[in-house]
Amino acid sequence: MMKVIGIGDNVVDKYEHIRTMYPGGNALNFAVYAKRLGVEAAFLGAFGTDREAGHVQESIQEIGLDTSHCKVYEGENGCARVTLKDGDRVFIGSNRCGVLREQGLNLTAGDLSYIKEFDLVHTGLYGFTEPELAKFKELDVPIGFDFSSDFTENQVNEIVPFVDYAYFSCSHLKADEMLNLMLKVTKMGCKLVLCTMGEKGALLFDGAKFYVQEPKLVKAIDTMGAGDSFITCFMVNYLSQTKEGILDQEQIITESLEKAANFSSQQCLVDGSFGYGKVYE
(Lines give C-alpha, C1' and ligand atoms only; values in the text may rest on other atoms or scores of the structure.)
Protein backbone atom coordinates (compact mmCIF):
# COMPACT_ATOMS: atom_id res chain seq x y z
CA MET A 1 0.00 0.00 0.00
CA MET A 2 1.17 3.51 -0.77
CA LYS A 3 2.37 5.56 2.21
CA VAL A 4 2.21 9.37 2.35
CA ILE A 5 3.10 11.91 5.02
CA GLY A 6 2.06 15.49 5.66
CA ILE A 7 4.86 17.49 7.29
CA GLY A 8 4.38 20.94 8.79
CA ASP A 9 1.34 22.80 10.03
CA ASN A 10 -1.63 21.88 12.13
CA VAL A 11 -4.06 24.51 13.42
CA VAL A 12 -7.42 24.93 15.01
CA ASP A 13 -9.77 27.05 12.94
CA LYS A 14 -11.93 28.92 15.44
CA TYR A 15 -15.26 29.85 13.84
CA GLU A 16 -16.10 32.93 15.86
CA HIS A 17 -19.70 33.27 14.64
CA ILE A 18 -20.62 29.89 16.18
CA ARG A 19 -17.87 29.64 18.85
CA THR A 20 -16.71 26.29 17.48
CA MET A 21 -13.19 25.15 16.70
CA TYR A 22 -12.18 22.62 14.07
CA PRO A 23 -8.80 20.93 13.50
CA GLY A 24 -7.05 21.74 10.23
CA GLY A 25 -3.89 23.04 8.61
CA ASN A 26 -2.51 22.22 5.17
CA ALA A 27 -0.17 19.36 6.11
CA LEU A 28 -2.62 17.80 8.56
CA ASN A 29 -5.51 18.11 6.09
CA PHE A 30 -3.44 16.27 3.49
CA ALA A 31 -2.76 13.38 5.86
CA VAL A 32 -6.40 13.10 6.98
CA TYR A 33 -7.79 13.21 3.45
CA ALA A 34 -5.22 10.64 2.27
CA LYS A 35 -6.23 8.26 5.03
CA ARG A 36 -9.89 8.70 4.12
CA LEU A 37 -8.95 7.82 0.55
CA GLY A 38 -7.63 4.49 1.76
CA VAL A 39 -3.85 4.87 1.83
CA GLU A 40 -1.48 4.69 4.77
CA ALA A 41 -0.95 8.23 6.05
CA ALA A 42 1.01 10.02 8.76
CA PHE A 43 1.48 13.54 10.08
CA LEU A 44 4.67 15.09 11.41
CA GLY A 45 4.32 18.52 12.96
CA ALA A 46 4.49 20.45 16.22
CA PHE A 47 1.79 20.77 18.86
CA GLY A 48 1.49 23.33 21.62
CA THR A 49 0.31 22.62 25.14
CA ASP A 50 -2.99 24.53 25.19
CA ARG A 51 -6.60 23.31 24.86
CA GLU A 52 -6.48 23.91 21.11
CA ALA A 53 -3.57 21.49 20.77
CA GLY A 54 -5.46 18.99 22.89
CA HIS A 55 -8.47 19.12 20.58
CA VAL A 56 -6.35 18.53 17.47
CA GLN A 57 -4.50 15.63 19.11
CA GLU A 58 -7.73 13.99 20.28
CA SER A 59 -9.23 14.31 16.79
CA ILE A 60 -6.14 12.82 15.13
CA GLN A 61 -6.11 9.93 17.57
CA GLU A 62 -9.74 9.15 16.76
CA ILE A 63 -8.99 9.29 13.03
CA GLY A 64 -6.05 6.94 13.49
CA LEU A 65 -3.17 8.89 11.95
CA ASP A 66 0.41 7.99 12.79
CA THR A 67 1.84 10.96 14.73
CA SER A 68 4.72 9.10 16.37
CA HIS A 69 7.35 11.64 15.30
CA CYS A 70 5.45 14.83 16.14
CA LYS A 71 6.98 17.42 18.47
CA VAL A 72 5.35 19.05 21.50
CA TYR A 73 6.51 22.49 22.63
CA GLU A 74 5.32 24.61 25.52
CA GLY A 75 3.04 27.36 24.21
CA GLU A 76 0.24 28.07 21.77
CA ASN A 77 -0.79 25.63 19.10
CA GLY A 78 -1.38 27.02 15.63
CA CYS A 79 -4.70 28.87 15.64
CA ALA A 80 -6.71 30.86 13.10
CA ARG A 81 -9.86 32.93 13.57
CA VAL A 82 -12.45 32.35 10.89
CA THR A 83 -15.98 33.24 9.86
CA LEU A 84 -18.18 32.20 6.94
CA LYS A 85 -19.78 34.39 4.29
CA ASP A 86 -22.20 32.60 1.94
CA GLY A 87 -20.39 29.32 2.59
CA ASP A 88 -16.93 30.76 1.86
CA ARG A 89 -14.38 30.82 4.64
CA VAL A 90 -13.05 34.24 5.57
CA PHE A 91 -9.90 34.46 7.70
CA ILE A 92 -9.89 37.17 10.36
CA GLY A 93 -6.45 36.58 11.86
CA SER A 94 -4.03 33.96 13.24
CA ASN A 95 -0.97 33.36 15.42
CA ARG A 96 0.91 32.13 12.31
CA CYS A 97 1.15 28.52 13.44
CA GLY A 98 2.19 29.27 17.01
CA VAL A 99 4.94 27.04 18.39
CA LEU A 100 5.76 25.61 14.95
CA ARG A 101 6.81 29.05 13.72
CA GLU A 102 8.65 29.81 16.95
CA GLN A 103 10.48 26.50 17.41
CA GLY A 104 10.60 24.82 13.99
CA LEU A 105 10.52 21.06 13.43
CA ASN A 106 14.12 20.32 14.47
CA LEU A 107 14.16 17.02 12.62
CA THR A 108 16.52 14.35 13.93
CA ALA A 109 18.35 11.57 12.10
CA GLY A 110 15.62 9.25 13.38
CA ASP A 111 12.93 11.49 11.90
CA LEU A 112 14.66 11.54 8.52
CA SER A 113 15.06 7.77 8.52
CA TYR A 114 11.32 7.48 9.24
CA ILE A 115 10.40 9.93 6.44
CA LYS A 116 12.45 7.87 3.97
CA GLU A 117 9.85 5.07 4.31
CA PHE A 118 7.15 7.10 2.53
CA ASP A 119 6.17 7.38 -1.13
CA LEU A 120 5.37 11.10 -0.94
CA VAL A 121 6.17 13.98 1.37
CA HIS A 122 3.60 16.77 1.35
CA THR A 123 4.43 20.15 2.84
CA GLY A 124 3.73 23.79 2.14
CA LEU A 125 4.32 27.45 2.66
CA TYR A 126 2.76 27.49 6.14
CA GLY A 127 4.67 24.43 7.33
CA PHE A 128 7.95 26.28 8.00
CA THR A 129 9.83 23.37 6.41
CA GLU A 130 12.04 25.38 4.05
CA PRO A 131 15.16 24.69 6.19
CA GLU A 132 14.44 20.95 5.87
CA LEU A 133 13.82 20.72 2.10
CA ALA A 134 17.43 19.95 1.19
CA LYS A 135 17.39 17.08 3.72
CA PHE A 136 14.14 15.74 2.23
CA LYS A 137 15.66 15.90 -1.24
CA GLU A 138 18.61 13.75 -0.12
CA LEU A 139 16.17 11.03 1.01
CA ASP A 140 15.07 10.49 -2.61
CA VAL A 141 11.39 10.63 -1.62
CA PRO A 142 9.12 12.62 -3.98
CA ILE A 143 8.16 16.00 -2.52
CA GLY A 144 4.94 17.92 -3.12
CA PHE A 145 4.82 21.56 -2.03
CA ASP A 146 1.73 23.74 -1.63
CA PHE A 147 2.54 27.40 -2.32
CA SER A 148 -1.05 28.46 -1.47
CA SER A 149 -2.05 31.90 -2.82
CA ASP A 150 0.31 34.38 -1.17
CA PHE A 151 3.61 33.08 -2.55
CA THR A 152 6.31 35.45 -3.78
CA GLU A 153 8.62 35.14 -6.78
CA ASN A 154 11.58 34.73 -4.45
CA GLN A 155 9.88 31.83 -2.65
CA VAL A 156 9.14 30.11 -5.95
CA ASN A 157 12.77 30.52 -7.06
CA GLU A 158 14.17 29.24 -3.77
CA ILE A 159 11.80 26.32 -3.15
CA VAL A 160 10.97 24.82 -6.56
CA PRO A 161 14.45 23.28 -7.15
CA PHE A 162 13.80 20.97 -4.19
CA VAL A 163 10.30 19.75 -5.11
CA ASP A 164 8.80 17.32 -7.62
CA TYR A 165 5.18 18.50 -7.55
CA ALA A 166 4.10 22.12 -7.06
CA TYR A 167 0.61 23.32 -6.18
CA PHE A 168 -0.67 26.88 -6.36
CA SER A 169 -3.96 28.56 -5.49
CA CYS A 170 -4.43 30.89 -8.45
CA SER A 171 -7.90 32.46 -8.27
CA HIS A 172 -6.24 35.87 -7.97
CA LEU A 173 -4.01 35.51 -11.05
CA LYS A 174 -4.74 36.47 -14.64
CA ALA A 175 -4.65 33.63 -17.18
CA ASP A 176 -1.31 34.65 -18.69
CA GLU A 177 0.26 35.03 -15.24
CA MET A 178 -0.83 31.53 -14.28
CA LEU A 179 0.36 29.95 -17.54
CA ASN A 180 3.74 31.68 -17.31
CA LEU A 181 4.10 30.47 -13.72
CA MET A 182 3.38 26.88 -14.73
CA LEU A 183 5.82 27.01 -17.62
CA LYS A 184 8.52 28.48 -15.39
CA VAL A 185 8.08 25.89 -12.64
CA THR A 186 8.26 22.89 -14.99
CA LYS A 187 11.36 24.35 -16.67
CA MET A 188 12.90 24.48 -13.18
CA GLY A 189 12.42 20.72 -12.85
CA CYS A 190 8.96 20.05 -11.43
CA LYS A 191 7.22 16.99 -12.90
CA LEU A 192 3.71 18.39 -12.46
CA VAL A 193 2.27 21.82 -11.61
CA LEU A 194 -1.31 22.00 -10.36
CA CYS A 195 -3.20 25.29 -10.08
CA THR A 196 -6.54 25.33 -8.31
CA MET A 197 -8.94 28.16 -9.11
CA GLY A 198 -11.87 27.70 -6.73
CA GLU A 199 -15.20 27.67 -8.54
CA LYS A 200 -13.37 27.93 -11.88
CA GLY A 201 -11.86 24.47 -11.47
CA ALA A 202 -8.22 23.53 -11.89
CA LEU A 203 -5.42 23.53 -14.45
CA LEU A 204 -2.51 21.08 -14.57
CA PHE A 205 0.66 21.10 -16.65
CA ASP A 206 3.03 18.14 -17.01
CA GLY A 207 5.66 19.94 -19.06
CA ALA A 208 4.13 18.84 -22.33
CA LYS A 209 0.36 19.25 -22.09
CA PHE A 210 -2.16 21.37 -20.20
CA TYR A 211 -5.17 19.66 -18.61
CA VAL A 212 -8.34 21.54 -17.66
CA GLN A 213 -10.65 20.23 -14.93
CA GLU A 214 -14.10 21.72 -14.59
CA PRO A 215 -15.45 22.04 -11.02
CA LYS A 216 -18.23 19.85 -9.62
CA LEU A 217 -20.37 22.66 -8.26
CA VAL A 218 -22.44 22.13 -5.12
CA LYS A 219 -24.21 24.45 -2.71
CA ALA A 220 -21.31 24.75 -0.31
CA ILE A 221 -21.73 24.56 3.44
CA ASP A 222 -18.06 25.39 4.04
CA THR A 223 -15.20 25.66 1.53
CA MET A 224 -12.50 25.15 4.16
CA GLY A 225 -10.10 22.48 2.93
CA ALA A 226 -11.54 22.29 -0.59
CA GLY A 227 -8.21 23.00 -2.28
CA ASP A 228 -6.30 20.69 0.07
CA SER A 229 -8.75 17.87 -0.60
CA PHE A 230 -8.45 18.35 -4.37
CA ILE A 231 -4.65 18.20 -4.24
CA THR A 232 -4.64 15.17 -1.94
CA CYS A 233 -7.11 13.17 -3.99
CA PHE A 234 -5.32 13.98 -7.23
CA MET A 235 -1.89 12.99 -5.90
CA VAL A 236 -3.08 9.79 -4.19
CA ASN A 237 -4.79 8.60 -7.38
CA TYR A 238 -2.05 9.81 -9.70
CA LEU A 239 0.79 8.14 -7.78
CA SER A 240 -1.17 4.93 -7.12
CA GLN A 241 -1.98 4.46 -10.79
CA THR A 242 1.49 5.50 -11.92
CA LYS A 243 2.92 2.88 -9.58
CA GLU A 244 0.68 0.21 -11.10
CA GLY A 245 1.84 1.18 -14.60
CA ILE A 246 -1.38 0.03 -16.27
CA LEU A 247 -2.53 3.31 -17.83
CA ASP A 248 -0.67 5.92 -19.84
CA GLN A 249 0.23 9.34 -18.39
CA GLU A 250 -2.60 11.24 -20.09
CA GLN A 251 -5.28 8.82 -18.94
CA ILE A 252 -3.92 8.74 -15.38
CA ILE A 253 -3.93 12.54 -15.13
CA THR A 254 -7.40 12.89 -16.63
CA GLU A 255 -8.96 10.27 -14.36
CA SER A 256 -7.15 11.57 -11.28
CA LEU A 257 -8.35 15.15 -11.91
CA GLU A 258 -11.93 13.95 -12.28
CA LYS A 259 -11.77 12.02 -9.01
CA ALA A 260 -10.22 15.04 -7.28
CA ALA A 261 -13.01 17.32 -8.46
CA ASN A 262 -15.64 14.94 -7.09
CA PHE A 263 -13.84 14.48 -3.78
CA SER A 264 -13.30 18.21 -3.19
CA SER A 265 -16.92 19.04 -4.03
CA GLN A 266 -18.05 16.64 -1.30
CA GLN A 267 -15.59 18.29 1.08
CA CYS A 268 -17.55 21.54 0.66
CA LEU A 269 -20.48 19.81 2.39
CA VAL A 270 -18.47 19.27 5.60
CA ASP A 271 -18.10 21.77 8.46
CA GLY A 272 -14.47 22.77 8.97
CA SER A 273 -11.61 21.05 7.16
CA PHE A 274 -12.77 17.55 8.07
CA GLY A 275 -15.30 17.89 10.90
CA TYR A 276 -14.57 17.25 14.58
CA GLY A 277 -15.98 20.56 15.78
CA LYS A 278 -15.84 21.46 19.47
CA VAL A 279 -17.59 24.37 21.15
CA TYR A 280 -15.31 26.74 23.07
CA GLU A 281 -15.97 29.53 25.57
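In this predicted model, the buried residues of helix α1 are Asn26, Ala27, Leu28, Asn29, Phe30, Ala31, Val32, Tyr33 and Ala34, where buried means under 20% relative accessible area (1.4 Å probe, protein chains only), and where helices are DSSP runs of H or I with at least four residues and strands are E runs with at least two, numbered from the N terminus. Because nine of the eleven residues of α1 (residues 26-36) are buried, this helix is largely enclosed by the rest of the structure. Gly38, with a positive phi near 100 degrees, follows α1. Residues are numbered from 1 along each chain as its sequence is written, and side-chain values use heavy atoms, with hydrogens and water left out. Local features need pLDDT of at least 70 and side-chain atom pairs count only at pLDDT 80 or more, while totals for chains, interfaces and linings use all residues.

Among the buried residues of helix α9 are Ile252, Ile253, Ser256, Leu257, Ala260 and Ala261. The buried residues of α9 pack against α1, β11 (192-196), β12 (202-205), β13 (210-213) and α8, contact meaning heavy atoms within 4.5 Å.

Helices α8 (residues 226-244) and α9 (residues 249-267) pack at an angle of about 150 degrees, with axes 8 Å apart; the axes are lines fitted to C-alpha atoms over the stretch in contact, and angles run from 0 to 180 degrees between N-to-C directions. Residues that meet across this pair include Phe230, Phe234 and Tyr238 in α8 and Ile253, Leu257 and Phe263 in α9.

Technical notes. Buried < 20%, exposed > 50% of the residue type's maximum accessible area, 1.4 Å probe, protein only.
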